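Hi,

Here is the model I said I would pass on.

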Amino acid sequence: MILAANTDTIICASFPIECTALNMQLVEIQAYVAKCIATLRERGMRRTRALELVIEEMAAAGKPVTIQELAAKPALEQQCDQATVYRLVIKLLEQGIVRKLGLHERSAYFALLIPGEHHDYLVCTECGTIKSIDMSCPVKKLEKDIMKSSGFSKVYHELEFYGVCPKCA
């Protein structure tokens with residue numbers, strides 16, 4: 001949920017952290033994880049090493065990941081089991097820190113919602129592959145028009161397109 005935006009910074013209402021980088025570097029990931037943990041602690045969640053690692057690994061991936069992919073990361077494999085990773089990701093989903101993607105009958109993918117970054121996705125209906133759309137979002141103007149005409153504030157969207165990828169075509 002975006003509260004304010006300019007060309008340098010976007011502030012998320014559900015997760016009030018500023019981030020101006022489009023691709024996070026290690027130092028930015030560490031700072032982001034620390035801010036995530038602080039916000040989650042304010043919301044009553046316990047700080048655990050497994051929680052930190054889940055957020056770190058999702059930020060480092062830079063793309064949607066499945067629970068299985070996340071749990072297979074060496075740092076997480078040594079720290080906790082797949083069930084714990086699942087529970088932590090679901091808690092992050094409930095807190096509005098991650099987004100769930102994919103077809104209902106296939107493995108779900110989860111993407112970290114990083115303020116300042118916006119991604120719309122293509123989902124293959126055959127194999128379930130998810131690809132970020134690398135172009136400017138055409139819905140931004142529509143969001144502004146909707147806010148203006150409806151009186152709603154903090155309008156945002158999550159957009160997924162479905163089709164058949166080149167490998168499956």
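Let me start with a definition: by a nonpolar core I mean a set of buried Ala, Val, Leu, Ile, Met, Phe, Trp, Tyr and Cys residues joined through side-chain atoms within 4.5 Å. Buried here means under 20% relative accessible area, exposed means over 50%, and partly exposed is in between (1.4 Å probe, protein chains only). On those terms the largest nonpolar core has 29 residues, and the ones with the most contacts inside it are Val-54, Ile-55, Val-85 and Leu-112.

Before going on, the ground rules. This is a predicted model, in which local features need pLDDT of at least 70 and side-chain atom pairs count only at pLDDT 80 or more, while totals for chains, interfaces and linings use all residues. Residues are numbered from 1 along each chain as its sequence is written, and side-chain values use heavy atoms, with hydrogens and water left out.

Overall layout

The protein has six helices and eight strands, in the sequence pattern β-β-α-α-β-α-α-α-β-β-β-β-α-β. Both are DSSP runs numbered from the N terminus (H or I and at least four residues for helices, E and at least two for strands). Of its 169 residues, 37% count as buried. The protein exposes about 10,300 Å², with carbon and sulfur atoms supplying 53% of that; areas are from the Shrake-Rupley method with a 1.4 Å probe, and for residues only the protein chains shown count as cover. Taking contact as heavy atoms within 4.5 Å, residues 24 or more positions apart make up 45% of the contacts with a separation of 6 or more.

The cores

Back to the 29-residue core. Two or more residues each come from helix H1 (26-42), helix H2 (49-61), helix H3 (67-71), helix H5 (82-94) and strand S5 (109-112). H2 gives the most, with seven residues. What does Ile-55 touch, leaving aside its neighbours within four places in sequence? Its contacts are Tyr-32, Val-33, Cys-36, Ile-37, Leu-40, Leu-92 and Leu-112. There is also a second, separate core of seven residues, including Leu-101, Tyr-121, Val-123 and Ile-130.

The sheets

Strands count as paired if DSSP finds at least two bridges between them. S3 and S5 are joined by two bridges, and Thr-66 sits opposite Tyr-109 in S5. For angles, axes are lines fitted to C-alpha atoms (for helices, over the stretch in contact), and values run from 0 to 180 degrees between N-to-C directions.

The other open sheet I noted has three strands in the order S7-S6-S8, with mixed pairing. Its edge strands are S7 (130-132) and S8 (160-163), each pairing on one side only, and the twist averages 25 degrees from one strand to the next. Strand S6 (residues 121-124) pairs with S7 in the antiparallel sense over three bridges, with Ser-132 in S7 as the bridge partner of Tyr-121.

Salt bridges

A search of the whole structure turns up six salt bridges, where the cut-off is a side-chain nitrogen of Lys or Arg within 4 Å of a carboxyl oxygen of Asp or Glu. Arg-99 is the residue I would show you here. It is buried, with a relative accessible area of 4%. Arg-99 forms a salt bridge with Glu-158, the closest N and O atoms being 3.8 Å apart. Arg-99 lies in strand S4 (residues 98-101) and Glu-158 in the loop between helix H6 (140-150) and S8, so this pair ties together parts 59 residues apart in sequence. The side chain of Arg-99 also meets that of Glu-160 in a salt bridge (3.8 Å, N to O), linking strand S4 to strand S8 across 61 residues. Glu-158 is partly exposed at 44% relative accessibility, and Glu-160 is partly exposed at 22%.

Elsewhere, Arg-47, Arg-49, Glu-52 and Glu-56 are linked in a network of salt bridges. Within it, Arg-49 and Glu-56 meet at 3.6 Å, N to O; Arg-49 is partly exposed at 40% relative accessibility, and so is Glu-56 at 23%.

Cheers
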